[in-house]
Amino acid sequence: MFLATASTRRAGAWCAPALALVLALAGVVSLPSSAFAWADLDQNKIDDMIDRVHTQGWNAAFVNQDPSKRMIIGVENPLDILFAIYVGYDHHPTAADQTTLLGTGVTMAWPFMNIDYIESHATYARIQQIVTLPGVTQVEAIPVEYATNHYGSRVVRARDSRGLAKAENYVLFPSVRQEVGIDGTGIVIGILDTGVNDDVDAVNPGYPGHESLKGKFLGGGEFWCGQAACSTPVDGSSNPQDHGGEASSYHATHVAGTAMGTGGPGGFFAGVAPGARLVDCKVLSDAGVSVGGANRGLDWCIGNRNRLWAGLEPGSIWQGIDVVSMSLGSTECKTGSGTSTGAGSTLINTAVDAGMVLCIATGNDAATECISSPAAADKSIAVGASEHARTLDRSDDKVTSFSNEGPRDDDGDADHWDEMKPSVVAPGAGIISAFGDPTTDGTAYQQLSGTSMATPHVSGCAALVLQANPSLTPLQVRTILQNTAEHNVPTVKATGDRGQDPYGLDANYDPSCGWGLVDVYAAVKEALNSTSGVQVVQIRAVARPQDGRIDVKWITQREYPFLGFNLYRAPDAGGAPGTFAQLNTLLIAPSPAGDPNIQGDDNRTPYLYADSDPALQLGRTYWYQVEWLDLLGGSHLEPPVPADYGQLARIATAFYSIVHNAVDNDLMVRVGADRGYTPGNLGGADFEVLGPGESKQDSSRVLLPTPPNTGTSTTGTIEHFWSVGFNAGDGAEPYLPPSMSNPWFLYVLDGGYVNRTGRVSSFSLFVNDSPGSPSGVTYVTDHQPMPQPTVEGGVVPVTLWIPEAGATATVVASLRADPDPAGCRLTLLLLRDEGGLSASVFRSVSDDFETREDLTPEPLAFAGPRFEYLDAAVEPGRTYYYWIQLHEPDGSSVWSGPVAASLTGKPTLTFALTAGPNPVSSRALFEYAIGSDVAARGPVAVSLTLHDLQGRLVRTLREGNEGVGQYRVEWNTTDEGGRPVGAGVYYMRFRAGEVQQSRKISVVR
């Protein structure tokens, strides 16, 4: 059996019949993992990874050439390797292509509907035959994917950015749900798709309906069959179901979960508008296709636009249908281009005129200058797909390779606005949402990709905008989503800008992304008030203890005339702000770049305040609040945002991981020490702390598909990782290091939700040799078995000890960091050589685990019981913190660290640091080092100059000869004549001997 994820097992599993006007799912597509990509350097049409496994053998198909590790590409049968492959064609494969492929002796020829590929399984000998077939362009290995977190609803800013990992906390702040209190309540979304499995299943009586969607259904019907006799009449209603299995991927349930799902009891997979309700129209068959079904379903929706659904009282907020989500499309972009003509487009425009917002997928043909119908209709919101790179930092997002791009074909009228498609893009790659398989218990989730997955994100955003302002028309909603989006998102199909706005109407339009990546917080701000004041759409505070400051940045969208900003700081008081005090003595003036226009104009203006108050104390959390003053001096406060300003010296760190789907609602976790091996109830141990919840975890990952020894979805599909640091003065010192006299425990009590159990997958403790020392020892629980299942009911806890009673403390490794002439050298020594181990190295300038940077994209192998790593990319005079993750052959891992290393002495490398603060409003500091690599024989010529975007000299900051050492230069944001420079982007050019470097700095006013 080939190992595959939900998307590779299910995506493209259905075949459309050979019908000319077939509407089909606009997802699902399968994406290769970031660790593996198609390559054919020898141009033999065969994936180089297939060639490598053929020549090097079975082990080459696995990470580190170790079959106990994760599989990289799908392979089977080590003695005569059978490869899982995609056969690519220079045209859309036909039935004749399938027959020809089967004629080579392969047993499977499974065509994709939206891409020019057929999936198959073949030996290397047969692959050599396949590349000679007519029309075949390449044979790709199918990568094995390992799913991670669900980011979509957070990336569009519907949902709090807290909860994925501590490093992501407040990266996107504020959010619509948490700070504005809008969640889609009162809005009805029609899902026109394969049927949402939200309720008890008639065929599978054990299925209760998916937890994320249960109780949301208001009305719906069946429209896919092509005959009036089997379609729901306009005055009728029924709740359809999807029994398509791999043929449909339970597509509608996934789509609905993204638009409005609650995400289950823990809410981890919550959709964009979890307060919205559902109208469920099955317009595609269980095979994911239909001839005209979407038109019949949409026609029914128009007839029920204002219907009072059965069981509701007159005047109910749930009346009618407000938003329609259509993750489907035709195959136009395979043979031509999308237009706005025909019955389907006319019906779309009629539905919009009736008062419904229509969000429609652009399709997955990887086409440019082609938007398939029905997304091509004049009045649709045409949605393309972006990839979020598994981060909440929107600056690294791009339009996916499969997403169709515009503009749409010209319809011949004088109005080009309707050719400007797509409208916006939203996350559509690697989206995890509800899995509607009725043979499950209704708690499962799966990962899929496609513009199908992007569309319900925008449908949910439309619902939030309508809740904020119910008086808006559908076209006003579209305009708001477009004008408040982050414009000009790049595409993976091309490097650089392919040219925005071919019609010269709005420079914010780009054929790749439309008006850009949807930002629903900014959209809701606009919906609530577009005629006055200041729209502050993002706030973030970033602590830089190594530079002695905290940078507070806020971004505005619209700025009507106002007096300026004040910034306030408060100490933390039990997780909330204490008393605020004003930081600025003079009012922070409005930026010259800010204005009240967002249509056809820049809609983002950044501000920066560097809080370098000497009173800032390491180890403290500070809260910041932005205030803007209107022309009458009226105060308008934005939500407060925190920043953790470093920590006191670390003495120990506990690491543990738990697989569970409802952490905050079902688990009580305690970490501490008890000399009697009897921690008792909460507070009964000698020393203990409560384990943090999901919002404070270091990271998490989704276990899809379910690997061995992890159970079903009821025993957890989300593995959460935490670290709990103990610093000098926390009270842990008397109980370190762990021993039979000072045993440490991890206590996990599982209760509250029947059918919600989990397992503890790791527990270890790293103890520094001295506070903040560059060395320490790792101790690991010797509890068996591991992972240890938790016990449902809230009565019997799982308690893991280091060491277990009657044993000696389990020392696994020692770690130390030492200065080296070439950088910083890490040495990890194992107590014994176990074989098959590898290690990953992480670094930060803080001992906060969540700020770590992975220095080793792939784990490195051990040399016996010793592991060494030299970090040469370090800066003299800075303190670094290191962690090493030890990977066991069984897939488990153990953490060691942090250890601190301070590098002193003369630098060996010449380099320039990024200016700080950046952006800068008044003064910036440039730091650089002259190393022995250029100045070993004496001083060398050094210059430091500033230039504008045209390369013109703005200011010379340093010119002369300098020897080995570290240097600083301050710039007061003036030019050579002492005049303040204008707001914008500038470049610092640094030259020292033969070394030349450039650094960018932005000036805000």
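Helix α11 (residues 451-468) has 18 residues and, at 1.5 Å a residue, should span 26 Å, which agrees with the 26 Å between its end C-alpha atoms. The expected span is 1.5 Å times one less than the number of residues in the helix. The structure is a predicted model, in which local features need pLDDT of at least 70, side-chain atom pairs count only at pLDDT 80 or more, and totals for chains, interfaces and linings use all residues. Residues are numbered from 1 along each chain as its sequence is written, and side-chain values use heavy atoms, with hydrogens and water left out.

- Helices (H or I, at least four residues) and strands (E, at least two) are DSSP runs, numbered from the N terminus.
- Of the 18 residues of α11, 17 are buried, and the helix is mostly covered; buried means under 20% relative accessible area, exposed over 50%, and partly exposed in between (1.4 Å probe, protein chains only).
- Strand β33 (residues 744-750) is largely enclosed by the rest of the structure, because seven of its seven residues are buried.
- Trp744, Leu746, Val748 and Asp750 point one way from β33, while Phe745, Tyr747 and Leu749 point the other way, and all are buried.

**Pairing of β33**

- Strand β29 (residues 667-673) runs antiparallel to β33 and is joined to β33 by seven bridges; two strands pair if DSSP finds at least two bridges between them.
- Gly672 has Phe745 of β33 as its bridge partner.
- Strand β37 (residues 798-802) also pairs with β33 in the antiparallel sense, over five bridges.
- Trp744 has Ile802 of β37 as its bridge partner.

**Salt bridges**

- The whole structure holds 28 salt bridges, each defined as a side-chain nitrogen of Lys or Arg within 4 Å of a carboxyl oxygen of Asp or Glu.
- Asp286 and Lys282 form one of them, with the closest N and O atoms 2.7 Å apart.
- Asp286 is partly exposed at 25% relative accessible area, whereas Lys282 is buried at 2%.
- In the salt bridge between Asp418 and Arg408, the closest N and O atoms are 3.2 Å apart.
- Asp418 and Arg408 both lie in the loop between β16 (398-399) and β17 (424-427), so the pair ties together parts that are 10 residues apart in sequence.
- Both Asp418 and Arg408 are buried.
- Arg544 forms a salt bridge with Asp551, where the closest N and O atoms are 2.8 Å apart.
- Arg544 counts as partly exposed at 29% relative accessibility, and Asp551 as buried at 5%.

**Surface patch**

- Leu563, Leu587 and Leu631 make a nonpolar surface patch of about 260 Å².
- Patches are made of residues with over 30% relative accessible area and no salt bridge, with like charges joined within 9 Å and nonpolar side chains (Val, Leu, Ile, Met, Phe, Trp, Tyr) within 5 Å.
- Accessible areas come from the Shrake-Rupley method with a 1.4 Å probe, and for residues only the protein chains shown count as cover.
- Leu631 is in the loop between β25 (620-629) and β26 (635-637), and counts as exposed at 54% relative accessibility.

**A side-chain contact to the backbone**

- Arg305 lies in the loop between α8 (293-303) and β12 (323-326), and is buried at 17% relative accessibility.
- A polar atom of the Arg305 side chain lies 3.3 Å from the backbone oxygen of Gly355.

**Backbone geometry**

- The peptide bond joining Gln784 and Pro785 is cis, with omega about 0°; Pro785 is in the loop between β35 (775-780) and β36 (788-789).
- A cis peptide bond also runs from Gly897 to Pro898, with omega near 5°; Pro898 lies in strand β45 (residues 893-902).
- Asn77, a residue other than glycine, has a positive phi near 65°.
- Asn77 is in the loop between β3 (75-76) and β4 (82-89) and is partly exposed, with a relative accessible area of 38%.
- Tyr677, also a residue other than glycine, has a positive phi near 55°, and its place is in the loop between β29 and β30 (687-690).

Key:
A polar contact is a pair of N or O atoms within 3.5 Å; within protein, one must be able to donate a hydrogen and the other to accept it, and residues adjacent in sequence count only if both atoms are side-chain atoms.
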